[in-house]
Amino acid sequence: MNTKPRRKPELLDSAPPHSIEMERAALASMLIDAAALPAMDLERDDFYDEAHQLVYAALAEVYADNGTTDSMLVVERLKAREHKGQSA
């Protein structure tokens, strides 16, 4: 008798629940209003999309450095990472 539990591939192989639109909205809110970043209490891994993880990490670093989420500073941070070949 085989007592091995059955695997439910449709549940295990699917992507975790996520909403790309909500991720975009959260990032946009943080860019518009720096106070949204700490208020949302998010972390990099809360974002499903890898590009959104990178943007969030840059936003969080810029905010930690000078209390702002200025889009130009965030872009410069992302460019600097790309130049160094870093993804995080």
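Me: On what basis is the model to be read?

Reply: This is a predicted model, in which local features need pLDDT of at least 70 and side-chain atom pairs count only at pLDDT 80 or more, while totals for chains, interfaces and linings use all residues. Residues are numbered from 1 along each chain as its sequence is written, and side-chain values use heavy atoms, with hydrogens and water left out.

Me: How many helices and strands does the chain have?

Reply: Helices (H or I, at least four residues) and strands (E, at least two) are DSSP runs, numbered from the N terminus. Here the chain has five helices and zero strands, so that its elements, read from the N terminus, run α-α-α-α-α.

Me: What share of the chain counts as buried?

Reply: A residue is buried under 20% relative accessible area, exposed over 50%, and partly exposed in between (1.4 Å probe, protein chains only). Of the 88 residues of the chain, 20% count as buried. The accessible surface, by the Shrake-Rupley method with a 1.4 Å probe, comes to about 6,600 Å², and 54% of this belongs to carbon and sulfur atoms.

Me: Which residues form the largest nonpolar core?

Reply: In soluble globular proteins, nonpolar side chains tend to be buried together. A nonpolar core is a set of buried Ala, Val, Leu, Ile, Met, Phe, Trp, Tyr and Cys residues joined through side-chain atoms within 4.5 Å. The largest one in this chain has eleven residues: Ala26, Leu27, Met30, Ala36, Leu37, Phe47, Tyr56, Ala58, Leu59, Val62 and Val74.

Me: What does methionine 30 touch?

Reply: Contact means heavy atoms within 4.5 Å. Not counting residues up to four places away in sequence, methionine 30 touches Ala36, Leu37, Met40, Leu42, Phe47, Tyr56, Leu59 and Thr69.

Me: How do helix 4 and helix 5 cross?

Reply: Two packed helices are described by the angle between their axes and the distance between the axes. The axes are lines fitted to C-alpha atoms over the stretch in contact, and angles run from 0 to 180 degrees between N-to-C directions. For helix 4 (residues 50-66) and helix 5 (residues 71-84), the axes come within 9 Å and cross at roughly 120 degrees. The residues in contact include Leu54, Val55 and Asp65 of helix 4 and Leu73, Arg77 and Arg81 of helix 5.

Me: Is glutamine 53 buried or exposed?

Reply: Glutamine 53, placed in helix 4, counts as buried because its relative accessibility is 15%. Leaving aside neighbours within four places in sequence, glutamine 53 is in contact with Arg44, Phe47 and Tyr48. By contrast, glutamate 76 in helix 5 is partly exposed, with a relative accessible area of 46%.

Me: Where is aspartate 41 placed, and what is its phi?

Reply: Aspartate 41 is in the loop between helix 3 and helix 4. Its phi is near 50 degrees, a positive value in a residue other than glycine. Aspartate 41 is exposed, with a relative accessible area of 66%.

Me: How far apart are aspartate 45 and alanine 57?

Reply: Their C-alpha atoms are separated by 9.6 Å, and the two residues are twelve residues apart along the chain. Aspartate 45 lies in the loop between helix 3 and helix 4 and is exposed, with a relative accessible area of 66%.
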